[in-house]
Amino acid sequence: MLTISEFFRGQNIFITGSTGFVGKALLEKLLRSCPDLCKIYVLIRQKKEKSPSERLLDITNNPLFDVLKREHPENLEKIIPITGDCMELGLGLSDHDRQMLEENVSVVFHSAASVRFDDTLKNATLLNTRGARELMLLVRNMKNLKVLVHISTSYANCDKSVIEEIIYPPHADWEEMINIVENTDEHILDILTPKILGKLPNTYVFTKSMSEHVVKDLGKDMPIVIFRPSIVISSLNDPFPGWLDNMNGPAGLLLGGGKGILRVVWGEPKIILDYIPVDVTIKVMCAAVWEKVTSSDPVGLSVYNASTCEMKSVTIEELPNIGLALVAKDPLENIMWKPYTSVTKYKFIYFCRMILVHLIPAMIIDFLLKIRGQKPMLVKIHRRIHAAGMALHYFTSNQFVIKNGKTLLLRASMLPSDKKDFGLDNIENTDTTEFYANAIKGGRVYLMKEPEEPTPHARSHAWRMWWLDAILRGVRLTFAAWFLYYSGALQSLIHYIYTSIVSVADFEQ
């Protein structure tokens with residue numbers, strides 16, 4: 001039987017979304033672990049200030065590609081940028097590029113998507129749903145197609161508490177929805193969006209759910225994998241631990257808390273969020289492709305949930321506590337305050353604390369920055385944090401069980417020769433503290449451009465913030481005691497306690 005790398009030998013691959021988090025990791029993994037592949041065509045949108053070739057250079061200059069450059073630097077020449085845009089009809093492809101892809105490509109990974117929870121219905125539908133339709137129209141004409149992988153999300157059906165590896169009934173007719181957004185004023189669409197979404201919380205999951213049905217309906221009699229990762233986080237160990245390129249998910253919670261900026265989160269503390277490292281995600285994807293093409297009947301649609309369901313669990317309440325212990329040992333540079341993050345499920349408490357520990361301090365600091373002639377920034381940051389918290393509340397207050405039976409079968413059926421490069425790491429035995437320590441270190445280095453290890457300045461500044469926080473807590477307690485005493489409230493409380501004790505003593509006598 002073919003190994004995974006043997007299957008990819010000589011294949012021409014087409015990837016959309018290569019500028020995204022998962023897309024970058026997929027591109028790097030294929031070039032490094034399948035060095036004998038033929039070419040990888042990557043669809044990249046033209047920007048005013050940068051051409052697709054320049055944007056590709058930005059991708060390959062990412063530290064993620066450092067190991068590849070040491071082991072197989074010649075493979076970077078196998079990446080062919082294709083100018084296009086999944087927001088456009090025909091993917092924005094030229095006739096020449098379309099013909100080239102149809103004649104040469106044998107494996108397709110469709111990763112392009114708008115992952116913004118607050119995106120408009122029009123933009124999300126055009127990119128996530130109509131973009132999937134335009135891709136399928138291209139793929140149906142590919143003469144040598146062996147497999148198509150459509151990257152969805154485990155939360156495309158988040159109106160269900162248990163999510164199986166099946167296609168669920170549609171939430172809307174995708175053809176009708178595309179027609180509506182193409183021909184309806186965007187302002188009217190914005191007004192109608194809550195009604196259209198129904199039980200789904202945002203345009204992202206709604207349009208990703210429809211895109212699965214686009215692939216299903218237009219992909220009949222084709223070899224297709226619908227791949228649903230849960231929340232994709234920093235790498236576990238491949239090509240090295242801790243790589244990430246965004247502040248989404250746990251990274252934002254850990255780094256925001258570590259900087260002393262994020263101090264309160266609205267959600268159910270005991271909720272377990274399903275996280276999967278990006279490198280494990282890519283390995284599961286490649287293994288799913290291998291199983292599809294080597295099966296006795298590869299034609300048809302297969303669904304895989306890439307999740308850690310019942311394998312490794314961390315609650316929303318535990319995650320910031322792990323992070324706080326780590327940044328206390330190795331503080332980040334120029335923290336805004338002593339790191340502390342609490343989680344509450346009560347909306348009133350969240351809003352009160354948000355005003356007291358987010359908004360008011362941000363306004364004071366911005367005022368001081370303005371006096372010093374510097375650009376105010378903290379109120380703007382907290383506005384974004386609050387918007388993100390509101391968008392995520394649905395997921396931080398509802399428990400989901402994302403079944404991953406097929407992923408576990410992949411791990412059991414993988415060839416021994418594939419386990420070195422594509423083995424699905426034993427997540428159950430992963431040291432949680434070590435993993436998140438690497439995630440914080442990755443955020444420190446790759447996102448915030450700080451040294452890998454904390455500097456003496458970072459440690460001394462963190463010590464000053466600790467003492468300042470302790471002093472202000474003492475001042476607040478002293479003021480509260482003074483106010484209670486001189487307002488008469490404290491005397492009344494003492495008198496009430498005293499009379500209650502005396503009354504009980506008299507009653508016993």
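This is a predicted model: local features need pLDDT of at least 70, side-chain atom pairs count only at pLDDT 80 or more; totals for chains, interfaces and linings use all residues.
Start by selecting L192, which is partly exposed at a relative accessible area of 40%. On this scale, buried means under 20% relative accessible area, exposed means over 50%, and partly exposed lies in between (1.4 Å probe, protein chains only). L192 sits in helix α8 (residues 186-197); helices here are DSSP runs of H or I with at least four residues, strands are runs of E with at least two, and both are numbered from the N terminus.

Residues are numbered from 1 along each chain as its sequence is written, and side-chain values use heavy atoms, with hydrogens and water left out.

**Cysteines**

How many disulfides does the structure have? The count is zero, where a disulfide is a pair of cysteine sulfur atoms within 2.5 Å. For C34, the nearest cysteine sulfur is that of C286, 6.1 Å away, and that is too far for a bond. C34 is buried at 1% relative accessibility, and C286 is buried at 0%.

**Salt bridges**

Side chains of opposite charge can pair when their charged atoms come close. The structure holds 20 salt bridges, each being a side-chain nitrogen of Lys or Arg within 4 Å of a carboxyl oxygen of Asp or Glu.

- Select K50 and D58: their closest N and O atoms are 2.4 Å apart. K50 is partly exposed at 32%, and D58 is partly exposed at 39%.
- Go to E212 and R228, whose closest N and O atoms are 2.9 Å apart in a salt bridge. E212 lies in helix α9 (residues 203-218) and R228 in strand β7 (residues 223-229), so this pair ties together parts that are 16 residues apart in sequence. Are these two residues buried or exposed? Both E212 and R228 are buried.
- Then pick E453 and K441, which meet in a salt bridge at 3.5 Å, N to O. E453 is in the loop between α17 and α18, while K441 is in helix α17, twelve residues apart.

**Backbone stops**

Stay with D238 and look at its link to P239: a cis peptide bond, with omega about 5 degrees. P239 is in the loop between β8 (231-233) and α10 (250-258).

Where is N334? Look in the loop between α12 (318-329) and β12 (342-344). N334 is not a glycine, yet its phi is positive at about 50 degrees. K449 also has a positive phi, about 55 degrees, without being a glycine; K449 is in the loop between α17 (432-447) and α18 (456-486) and is exposed at 64% relative accessibility.

**Surface patch**

End with I355, L356, L359, I360, M363, I364, F367, L368 and I371, a nonpolar surface patch with about 860 Å² of accessible area together. Patch members have over 30% relative accessible area and no salt bridge; like charges are joined within 9 Å, and nonpolar side chains (Val, Leu, Ile, Met, Phe, Trp, Tyr) within 5 Å. The areas come from the Shrake-Rupley method with a 1.4 Å probe, and for residues only the protein chains shown count as cover. Zoom in on I371, in helix α13 (residues 347-371), which is exposed at 57%.
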